[in-house]
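Have the structure open beside the text and follow along.

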Amino acid sequence: MSGYETALCLGVALPLAMFGVLAFFGARIGKPAAGWCAVAAVVGSLLLSTYVTLGWLGMSAEQKSAATSGAHAWEWVALSVHGVDVPILFKVKLDALTVMMYFMVTLVSTCIFVFSVGYMSGHSDEVDGQSKYHRFFAYLCLFEFSMLGLVISSSLFFLFVFWELVGLCSYLLIGFYFDKKYASNAAMKAFITNRVGDFGFLAGLMLVMFFLHTFDLDQAAETFKFQAIGGTGIFAASVNIFGWQVSGMTLATLMGVGLFCGAMGKSAQFPLQVWLPDAMAGPTPVSALIHAATMVAAGVYLVARIFRLLTPDAQFFIAVIGLITLTITALIAIVQTDIKKVLAYSTLSQLGYMIFGLGVGAWIGALFHLITHAFFKAMLFLGSGQVIEGCHHEQDIRKMGGLSKKMPVTCWTFFIGVLAIAGFGIPLAHVGIGGYFSKDEILAVAYERTYNWEARGFGDQVGQPAGEHALPAHAGMLGATVRLASDNPTGAEERETAIARHVPVLPKFMFWIPIIIAYITPFYMMRCWWLTFMGKPRDHHVYDHAHESPLMYGPLVVLAIGTVVFSYVMFRDNIAGAGVAATDASLVVAIDGGKKTADNMLGITHHTGHGLVDPHAALAGIVGFAWLVGMGIAVLIYRNGLAIAERIRRIWPLSWIYVALEQKLFFDHIYDTVLVGGTKWVLAQLSRAFDTYIVDGVPNLLAKVTVGLANFSGRIVDAGGVDGLIDGFADTAQAAGAVVRQPQTGRIRNYILFGTAGASLVVIAIVLVTYAGAR
Amino acid sequence: MVCEHTTRARFLLAGLLGLLAAGGLLLGPRAASAHETGQPHEHAAHADDHHDHDHDHEHGATADYDLRQRSESGGGLEALLFYVFAATVLGSGLAICISTNIVRMAVYLFVTLSGVAVMFFLLLANFIGVIQLIVYAGGTLILLIFGVMLTSKSPWVRFDVKRGELIAAGVVCTVLAVALLTVVVGANWPTNDTAVEGASVADFGKALMTTYLVPFEAISVLLLVVMIGAALLARQE
Amino acid sequence: MFDIGLTHYLVVATLLFVMGVFVMVTKRNAIGILIGVEMVLNGASLNLIAFNRYTTGGLPRVDGQVGSLFVIVLAAAEAALAVAICMNFYKNLNTVDVDRGDELAG
């Protein structure tokens with residue numbers, strides 16, 4: 001199977017090569033040619049991915065698992081951690097999820113690249129003379145390379161490397177119009193917010209390295225499982241926050257949370273969601289590709305990959321974050337007036353759904369939603385790009401209206417996207433597009449976790465031996481626990497019972513809030529569409545100049561078809577097939593929410609009785625026609641424009657709520673004041689202290705020291721010491737002289753006296769000597 | 001009033017001195033010549049001597065009367081004269097020390113000089129005694145008195161000396177005196193007390209011209225120099 | 001005691017000498033100092049004469065007396081000079097107090 005690996009790697013390398021070409025020779029290649037070169041590269045990747053996909057679809061299950069486990073690995077370098085070698089491996093993770101993601105990314109990218117060939121010709125050099133056409137495509141190729149590399153990484157290390165590369169490309173592309181302050185600020189904001197998330201990612205990565213001693217996803221999951229069973233390693237490490245031990249939590253939970261932080265940054269979850277709306281400052285194809293379809297999906301992809309490294313607490317945390325995100329961003333989307341901002345917030349809301357889905361255990365559902373979302377969101381963005389282009393860079397939907405007559409293709413493809421995001425479908429008839437099936441799956445799993453869980457014997461009763469509600473062998477750790485208990489009756493049973501964390505019942509609000517949002521989503525999307533395309537034109541200047549360009553039809557149509565088709569075909573089944581291996585023997589629950597359960601995963605209830613309700617039936621009643629209700633209300637309110645909406649808005653307390661939502665719930669304000677202001681304040685204090693005490697202080701200190709030294713050497717040493725010494729000598733000599741001078745009175749009488757005294761002494765001496773000698 | 005009793009004291013003093021001088025002049029040689037030679041004497045500290053050698057004298061070899069006389073032990077008269085004139089000398093010397101008036105000091109000096117001259121006579125140095133009286137007492141002293149006259153503002157001026165200085169001087173001089181007296185009294189002087197004749201002036205003159213010629217000439221030159229020097233020093237500008 | 005010997009005269013001469021020194025040291029009048037000098041010289045010449053009288057033996061000798069003569073001559077000469085100096089002193093300092101003349105200059 002190395003042929004497929006080679007194909008995938010080649011598909012990654014091709015855009016990189018084209019990036020090099022465009023970076024160095026792009027200027028020479030010229031205007032439309034650079035774009036077509038990029039398109040050629042990505043089409044090449046698409047062909048390779050098609051080849052791999054088709055091959056993959058044709059393989060049997062045994063062949064697939066053989067392909068996965070038989071992938072070649074090249075060791076790049078081995079780190080030594082606590083004496084254990086942690087190898088960093090080049091390896092392609094060849095499984096269904098990779099193949100599907102790869103295919104989706106290349107297909108959507110191709111459409112967008114083709115769109116941007118025409119779009120950017122009017123949006124680069126002529127506009128400001130600096131946004132170079134070839135530079136855009138070089139960046140797009142670099143992004144393609146990074147995204148594909150991320151998708152095929154089997155090692156968390158290389159996933160992180162590509163993660164950062166994708167962030168870099170996002171920065172470069174958002175800030176494409178770098179001479180506009182707004183755009184460069186948005187780019188910085190995106191990168192820094194990403195970085196904040198990456199900090200958590202790195203912390204989690206370090207925990208993986210230290211405790212699991214490997215970066216490879218499969219091996220890490222294996223080690224994690226063994227440590228969970230044995231209560232060793234990361235499960236033995238308690239959490240100490242500055243000496244305060246947090247009870248009931250081990251570093252395993254923190255590892256999961258840390259790795260999720262990266263997803264929070266990349267997929268713009270609460271509280272790091274602030275960068276995505278500002279990222280709309282980039283060109284529309286960028287928004288379509290990166291901030292709708294692919295890069296933001298990388299976070300979801302990451303969570304899906306590390307599913308087996310999560311603890312139930314971490315998973316619950318993920319669910320809560322996802323819930324918060326999808327709620328607040330949907331509410332903010334209601335009041336947006338910029339067409340791209342509406343789409344941005346809707347992206348955030350759908351990402352929240354995906355994360356929420358992974359949090360409640362709908363692994364397959366979340367990833368299916370990812371795929372379908374990629375298609376229709378990309379289409380919606382491209383449609384909005386057409387609208388903006390056609391209205392001569394007018395983005396405010398309040399100024400549009402009635403464009404359906406002028407831009408029909410755009411209008412109706414956009415409408416298909418609206419239906420997809422609203423979850424259009426006939427309940428229980430298996431008719432629907434896009435979001436209907438995927439959102440339905442997520443909500444079904446949530447329903448199962450909320451209402452059916454206890455009736456199924458889960459909740460606090462896990463660990464009991466079998467019965468009719470026996471868990472399938474692969475339903476996560478739960479199954480493994482039961483197996484181990486029966487295999488090893490002595491002593492192990494207690495430990496496993498303690499370890500086998502009960503999979504808790506979901507609180508009711510965690511089911512109902514997404515339901516409410518499921519009503520709101522069609523509302524704001526319909527509002528956006530209606531105000532843009534229907535009704536009477538509100539700004540005739542805009543209306544008069546509106547037009548469509550045929551070059552950009554193609555991608556729109558392709559994506560529209562993809563949205564419809566892929567709702568049914570290929571993706572979901574293959575992801576379901578990957579789901580088994582991806583969630584096997586994990587500590588957290590993974591539930592298949594589809595109509596047909598995959599063989600080896602825990603599935604939702606499909607029958608009623610014994611307190612069980614079929615989730616799909618229940619959901620059909622609850623949200624089955626949410627799309628209709630939401631869209632209907634939107635049409636009602638906005639049918640004649642914004643007049644009714646204005647009146648509603650003035651009703652208190654809606655006016656206050658409106659202000660709060662319009663200010664994006666003050667996130668930007670809070671972050672700006674607290675974080676940015678706080679950082680600037682700290683840096684200012686540090687700089688001031690540095691300036692005062694070191695830059696000023698050191699010379700001042702030196703000056704003082706010098707003055708002190710000068711004083712010392714001048715006054716004390718020189719005047720006191722040296723002069724004092726000399727003066728001391730002089731004074732001593734003078735004093736001695738004065739003393740000695742005293743006999744020199746100048747009086748002759750004294751001299752005679754002294755002489756006489758001396759003479760008498762001499763006489764005495766002679767007398768004494770004589771007498772002494774005589775005796 | 002001061003004049004009066006000083007005048008009286010002067011008269012008294014002059015009279016006393018005159019008496020002493022006369023007595024000395026007259027009796028001195030006689031006392032000196034009474035000293036007998038030929039008898040070896042012990043050291044002068046020997047205390048016996050009242051033997052009367054007065055009568056053993058007058059060998060008187062030569063006819064002409066000269067002053068060269070045989071000395072004999074003068075006996076009591078010599079002793080008396082000696083003590084009297086020693087007392088005079090020392091007393092007036094003490095008076096000089098004590099006195100504060102320069103003129104009185106000069107007068108006491110005169111008495112001292114005269115006493116020393118008498119002692120010279122007692123020591124058979126007649127010529128020197130006379131020279132002493134003439135040159136010293138009559139010349140030098142007068143000179144000093146001239147000096148006093150020319151340099152004093154008032155004769156009654158007293159210059160007082162601090163007591164400390166007096167004591168210091170007294171101590172030093174006492175020490176010196178004691179030292180010298182120790183030597184003088186304790187030394188074994190090689191005395192030869194054979195009768196010796198007083199030298200005559202002729203002998204003196206002969207010695208001066210022969211043995212002591214060079215010092216004599218030197219002294220002459222010195223006198224000349226001194227005269228010139230003194231005249232130079234004291235000249236009026 | 002009655003036998004006057006050399007020692008007696010030497011004692012007198014010594015005492016006269018010492019008193020002369022005392023006078024020299026004590027008197028503030030310049031002439032007083034000169035008087036002291038005279039006393040010292042007198043003591044010396046008395047010494048000489050005494051030695052001349054008591055240690056010649058036999059022949060008459062005049063050594064001491066010649067010495068004494070020279071002393072007298074010198075004393076006279078020196079007194080003359082000294083008086084001249086005193087008069088100069090008096091002329092310069094307008095006093096005869098030797099304690100006033102304790103500086104070399106002026």
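In helix 13 of chain A, the buried residues are Met295(A), Val296(A), Ala297(A), Ala298(A), Gly299(A), Val300(A), Tyr301(A), Leu302(A), Val303(A), Ala304(A) and Arg305(A). Because eleven of the eleven residues of this helix (residues 295-305) are buried, the rest of the structure largely encloses it. Please keep in mind that this is a predicted model.

Next comes the place where chain C meets chain A. Here, eleven residues of chain C are in contact with eight residues of chain A. The two chains bury about 780 Å² between them, and carbon and sulfur atoms give 62% of that area. Of the area that chain C buries against chain A, 57% is supplied by Val25(C), Asp99(C) and Asp102(C), more than by any other three residues.

How many salt bridges does the rule find across the interface of chain C and chain A? There are two. Asp99(C) takes part in one with Arg749(A) and in another with Arg747(A). Arg747(A) sits in the loop between helix 30 (697-741) and helix 31 (748-774) of chain A, while Asp99(C) belongs to the segment after helix 3 (63-93) of chain C, so this pair joins two chains. Asp99(C) is buried at 12% relative accessible area, whereas Arg747(A) is partly exposed at 24%.

| Asp99(C) | Arg749(A) | 2.8 Å |

Asp97(C) is buried, with 2% relative accessibility. Shared partners connect Arg747(A), Arg749(A), Glu165(B), Arg28(C), Asp97(C) and Asp99(C) into one salt-bridge network.

Within chain A, Glu164(A) in helix 7 (residues 156-174) pairs with Arg195(A) in helix 8 (residues 181-212), 31 residues apart. Glu164(A) counts as buried at 18% relative accessibility, and Arg195(A) is partly exposed at 39%. Over all chains, the search finds 17 salt bridges.

Finally, a look at chain B. This chain has seven helices and zero strands, and 38% of its 237 residues are buried. Its accessible surface is about 13,200 Å², with 69% belonging to carbon and sulfur atoms.

Key. Residues are numbered from 1 along each chain as its sequence is written. Chains are lettered from A and ligands numbered from 1 in the order in which they are written. This is a predicted model: local features need pLDDT of at least 70, side-chain atom pairs count only at pLDDT 80 or more; totals for chains, interfaces and linings use all residues. Side-chain values use heavy atoms; hydrogens and water are left out. Helices (H or I, at least four residues) and strands (E, at least two) are DSSP runs, numbered from the N terminus. Buried means under 20% relative accessible area, exposed over 50%, partly exposed in between (1.4 Å probe, protein chains only). Accessible areas come from the Shrake-Rupley method with a 1.4 Å probe; for residues, only the protein chains shown count as cover. Contact means heavy atoms within 4.5 Å. Buried area is the accessible area (1.4 Å probe) that two parts lose on being put together, summed over both. A salt bridge is a side-chain nitrogen of Lys or Arg within 4 Å of a carboxyl oxygen of Asp or Glu.
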